[in-house]
Amino acid sequence: MPTEISHINVQYDKTIGRGEQFGPGFNYPVFVARGQDDIMYVLCRGTEFRPEGVRVTVCTTDEEYVSTFARGINYQGPHEFNMEDGSLVWPTCIALDSQENLFISDEWLNRISSFSKDGDFLGKWEERTGSGDGELDRPSGMAFDADDNLYIVDSGNHRVQKFSKDGKFLFKFGTEGSGDGEFNMPWGITIDSHGDIFIADWRNDRIQKFSPDGQFLMKFGSSGSGEGQFDRPTGIAVDRDGVIYVADWLNNRLQVFDQDGKFVAEKTGEAGVSKWAKDKLDANAEMWGERERAQGLEREKDFWGPTGVTVDDQGRIFVPESARNRIQVYKTQSPTFAGPRL
C-alpha cells in the first residue's frame, strides 16, 4: 500500500562553477547530466553575442575539470555560430543512453546529435523540421526509458514524441491546450522508476504525469508564487523514493513535492563560493577586496533563474543557474513517512 510522505530533509551541499568562455567554468548552463564515476556533463547554451560559450563542459562533482566538446563557435568568422555536424547552436538538453552516449537536442537546428562519453561525434538524426509524425519544432527536454527508447518534448508542437535510439518514430501524445493531457510549450521531462513520465508544462504553469504509453494520470500546480504554484517551470526530476523536484524558473526557487504532487518544501538558494571561483579569486587578490565592498552581495546565495534539476543515485540534487553560471548542489535524506494512504 502506498505511504504518505510527511517530511523531506533537503540540505545545501555546495556550489560548482564559475563564468568562463573556455576551460574550467560554464557559460549559461541549462542542464546537467550525471554520468558514472562522479562525472557531470554540463550543457552550456552561451548567448547570441558570445557563441564561443556554447559547449558541453565535462567535470566531476568535486569540481575537477575533464574536457570540453561540441563547441558552437565558427572560427572562420567573429561571433558566428557553427552549424556543422558535431556543433551546437541553441542546445536545450542532454540524455544519456545505457552506454553513456550523449544525445543533445538543439532547438535552433531542430536536430538531435549524439556523442560518446569522451566527446567524439557519433552522428545525428536526419533533418526533421515540421509538425508531422517524427518531425520536430524546438525540441527541449529528453529522457531515455529502461528500453533505451527516447522521449522528446516537442515544445513548438506542444506534444511529446517517443523514438527508438536511432531516431525511428514510435508514437506521440499531447496537443495544444490547457486541458488534461494538453500542453502549452512544454519543456522539461523525467521518467520515474515505474516508467511513468512527468512533464513540466511551461506555459500552463503545471506538472503533468503520464503512463509509458502516454495516458494522462494526474496534474498539479497553477500559476502564481505561492506554495505549489509555478511561474514557468522548466526542469523536473524524480528520485528513487518518488519525491518530485521542480525548477520553478521565474519564481527563482526549487520546489519539492510528494508522489501525489502535494507541496512539501522549497529552496530559494544557499550558494557559496565554489572551488573554481575561489581559485580565481585567490589568483586575483584584489577581487576579494572588491567583493567585500560590493553592495547586496548577500543576494548572491539566492537562485536566479534555475533552468533544470537532476537527481542522482546518491540523493544529490543538481540545479543549474544560467544567469549565475553555476550549479547549486543539495542532498536529500530518506523521506519520513506518515503511514499508509487510505
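This is a predicted model: local features need pLDDT of at least 70, side-chain atom pairs count only at pLDDT 80 or more; totals for chains, interfaces and linings use all residues.

Student: What makes β15 and β16 a pair?

Tutor: Two strands pair if DSSP finds at least two bridges between them. β15 and β16 have three bridges, so they pass. The strands themselves are DSSP runs (E, at least two residues), numbered from the N terminus, while helices are runs of H or I with at least four.

Student: Why is one side of β15 and of β18 left without a neighbour in the sheet?

Tutor: The open sheet has four strands in the order β15-β16-β17-β18, with antiparallel pairing. β15 (189–191) and β18 (216–220) stand at the edges with a single partner strand each, so one side of each has no neighbour in the sheet. On average, neighbouring strands here are turned by 20° against each other, direction ignored.

Student: Which strands form the other open sheet, and in what order?

Tutor: That one is β11-β12-β13-β14, four strands with antiparallel pairing. Its edges are β11 (139–144) and β14 (169–173). β11 pairs with strand β12 (residues 150–154) over four bridges, in the antiparallel sense, and M142 stands opposite I152 in β12.

Student: How do you know that M142 touches I189?

Tutor: Contact means heavy atoms within 4.5 Å. Leaving aside neighbours within four places in sequence, the contacts of M142 include I189, C93, F103 and I152.

M142 also turns up in the largest nonpolar core, which has 31 residues, as one of those with the most contacts inside it. The largest share of this core, four residues, comes from β7.

Student: What makes a set of residues a nonpolar core?

Tutor: Its members are buried Ala, Val, Leu, Ile, Met, Phe, Trp, Tyr and Cys residues, joined through side-chain atoms within 4.5 Å. A second, separate core of twelve residues includes A237, Y245, V256 and I317.

Student: Why is E20 called buried, and A283 exposed?

Tutor: Go by relative accessible area: buried is under 20%, exposed is over 50%, and partly exposed is in between (1.4 Å probe, protein chains only). E20 has 16%, so E20 is buried. A283 has 61%, so A283 counts as exposed. E20 is in the loop between β2 (10–16) and β3 (29–34), and its contacts include F26, R55 and K280. A283 is in helix α1.

Student: Why are α1 and α2 called roughly perpendicular?

Tutor: Angles of 65 to 115 degrees count as roughly perpendicular, under 35 as roughly parallel, over 145 as roughly antiparallel, and the rest as oblique. Helix α1 (residues 275–283) and helix α2 (residues 285–293) pack at about 110°, with their axes 4 Å apart. α1 and α2 are therefore roughly perpendicular. Axes are lines fitted to C-alpha atoms, for helices over the stretch in contact, and angles run from 0 to 180 degrees between N-to-C directions.

Student: Which residues of α1 and α2 meet there?

Tutor: K278, L281, D282 and A283 in α1 meet A285, M287, W288 and R291 in α2.

Key:
Residues are numbered from 1 along each chain as its sequence is written. Side-chain values use heavy atoms; hydrogens and water are left out.
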